[in-house]
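Have the structure open as you read.

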Amino acid sequence: MRHGWVVGSVVILAMLFRFTGVHRANDVFIDEITYADLAGQIAQGTVPSILGNPFFLHPPGSYILNSWVINMFGLEGHPMDLALQLRWVNAVLGAVTVGVCCLLVRGLVGVLPAAAAGIIMASDPFILRMDGRLMMETPAGLAVVSGWLLVIVLLNRKWRRPRLWLELGAGLVFGLAIVIKDMTVVFTLVPLLAGVFWRNTIPPLTALRMMGSASLPYVAYMGWVAANGLLPQWFDQKSVGVLRILGAVQMTGFNAVPSADLAGRLIEMTGRFGTSYLLLGLSILSGAVAATSKVATRRTIGLFSLFTGFMGIYSVFFGAAEEQFGYCVVLAALVSTPIAVEMLMRWRPRLRRAFVIATVAVVIVGLALGVQARTVTDDGLVRAREWMVNNIPASATVGLTSVTGEFALLPRDHWEVLPSLLSLRDKDAQYVLTQGRQLSQGYGFAAPELLVWLAGNAEPVFTFTGPTNGETVVWKLDREKLKDAVEAGQTLPPVSGGYR
């Protein structure tokens, strides 16, 4: 394979970035713990459930994959420990994704743009954040771009029989993406169908055969659901999931918290994710340009980028606005932008120098931000748990105040969710754990005012400051001050969770 060393070098670079700081560079995220728990249940041969209810909000593809890894390597422990061990899976898959995107760009534009796109993706801080956690977006994203790579290959083939197998294979890979995260239908089948009607980009029979094979994994999944009599539960949860994507129901993400300042948060994080924001913004623009190409394969990727970008914008303004939704948007931008740049340079040759300088600048800044992202120490919750286990008496009551704290640290004797002064007093708590950014922005159980009260009335015995959660603090409570505050009517009720 010509220039194979370029792709190989980019993959090695991606591995170096992803293997550095696997457990240290990203604080534990609540979804990781949930997914690890579900994978552990499947590994034990049980139906994946949360609080005793079968879990159908997302399909089980990524949980099944991780359950195989659990059984293969004999992994065990609390879901948070499982999540940290399983991060290695996403680190490997993320590096492979970089290689696939590099192959895509090389086939569409050439080796130099492919090298630049590969380096940018290998070090992109937002992609690293996703690949550095146990998120389903990483395996789903790999399946999405792998499917599009097969589509590009088959569109360049002329012989019927090899092309038929490529069609069925590409559709099946898209189906794997959908059975990992069904939202990826917008990044796969929707652009595929649009290609049939947009300038005859994709032959109708090709699209039909691909859509047929893409349905097979999900049909098999639904067959299992029906065979176990779980269709009503699946329908109830999936209906809520669709409403969340549409924005009719706001349960998670920035739009679910009235006090959340999305614009302020984006500005604050520019120093960490500046190049990622640029790519997120380029997805639609680059996709629109690429979709006008005279070359069918380039138009195909343009449609992929265009619809993926539209989904990202809709999520920000109307939908759930969860950060992980941006993963495939960045992937799409990385494969469509080189096409758009090459087309623009052909239309306006005088822009070539400006584009080359801009590309070099993005590569250099991206590398710097990537190094920053992987060398930072951001494992406050893990350190807080270790400190509490080693320094707090086993009989002492510890109050937890955030959703992440609940999922990451429970069950444990004498530790429980106590998000208000009233509940802390009633349970005779001696310590309380807070995560500053989550509480101050309204993402915890406890009200933001609890942080203010603790700062003036409790002793911080453990403090860790990291970019994800701000200050993670273990406070030693003064029970007399706590009692006096509650008796004075200062109960500071929680903002969510149904707790007192």
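## The second largest pocket

On a 1 Å grid over the protein atoms alone, a pocket is an open set of points with protein on both sides within 12 Å along at least five of seven lines, and lining residues have an atom within 4 Å of a point. This is a predicted model: local features need pLDDT of at least 70, side-chain atom pairs count only at pLDDT 80 or more, and totals for chains, interfaces and linings use all residues. Residues are numbered from 1 along each chain as its sequence is written, and side-chain values use heavy atoms, with hydrogens and water left out.

The second largest pocket holds about 730 Å³ of space. Its lining has 29 residues, and T337, P338, V341, F355 and T359 lie nearest the centre. Helix α15 (327-347) gives the most to this lining, with ten residues. By class, the lining has 23 nonpolar, three polar and three charged residues; Ala, Val, Leu, Ile, Met, Phe, Trp, Tyr, Cys and Pro count as nonpolar, Asp, Glu, Lys and Arg as charged, and the others, Gly among them, as polar.

## The largest cavity

A cavity is a set of grid points where a 1.4 Å probe fits but cannot get out. About 80 Å³ of space lies in the largest one. Its lining includes E137, K181 and F325, and divides into five nonpolar, three polar and two charged residues.

Key
Grid points are joined across faces, edges and corners, and a volume is the space filled by probe spheres set on the points. Helices (H or I, at least four residues) and strands (E, at least two) are DSSP runs, numbered from the N terminus.
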